[in-house]
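User: I would like a close look at one part of this protein. Please keep it simple and take me through it step by step.

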Amino acid sequence: MDLLLEADPSTEQIHTYLDGSDIYTVLSDGQTVGVCVLKPHSETTLELMNIAVEPTQQGSGIGRQLLQYVISESRNKQAKELVLGTGTFGYQLAFYQREGFRVVGIDKDFFLDNYDEPVIENGIQHKDMLRLQLIL
């Protein structure tokens, strides 16, 4: 749970999407250093709900390799699209765009309406969520 909280600061929100999801982990010396949660919405659509890397391992390529693996697995499952939601700014947006995800919508006030505590990054409060899509 600690690792999932790196990408989603709400235990309550995490519990809403774990059931029925596939969870991928990256192990190093027996320790989990990366995790990704992928939830099916239909036979053709999967949603990346959470991807996180142990803070001491960030910047080492683990997250990129994990995301590329999940994209490959999604194709193997015959999915047609992989979707996700993320904040409107920050390193995460560029992380996904480098792998080919494109912005397809905005959920106004998502972070205000769904989180009890403000979600702050680099001193700025997240308010809206960008919806991204990767056509497989």
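In what order do the six strands of the open sheet come?

Analyst: Keep in mind that this is a predicted model. The order is β1-β2-β3-β4-β8-β5. The sheet is open, and its pairing is mixed. Strands of a sheet pair through backbone hydrogen bonds, either parallel or antiparallel.

Start at the edges. β1 (22-28) and β5 (102-107) stand there. Each has a single partner strand, so one side of each has no neighbour in the sheet. From one strand to the next, the twist averages 25°.

Now look at one pair inside that order. Strand β4 covers residues 81-87, and strand β8 covers residues 129-135. The two run antiparallel and are joined over seven bridges. Find Leu82, then look across to β8: Leu134 stands opposite.

Next comes a helix. Helix α4 (residues 91-98) packs on the sheet. The helix touches β3, β4, β5 and β8. Its direction makes about 160° with that of β4.

Conventions:
Residues numbered from 1 in each chain as written. Predicted model: local features only at pLDDT ≥ 70, side-chain atom pairs only at ≥ 80, totals over all residues. Heavy atoms only, no water. Pairing = 2+ DSSP bridges. Helix = DSSP H or I, 4+ residues; strand = E, 2+ residues; numbered from the N terminus. Axes fitted to C-alpha atoms, helices over the stretch in contact; angles between N-to-C directions. Contact = heavy atoms within 4.5 Å.
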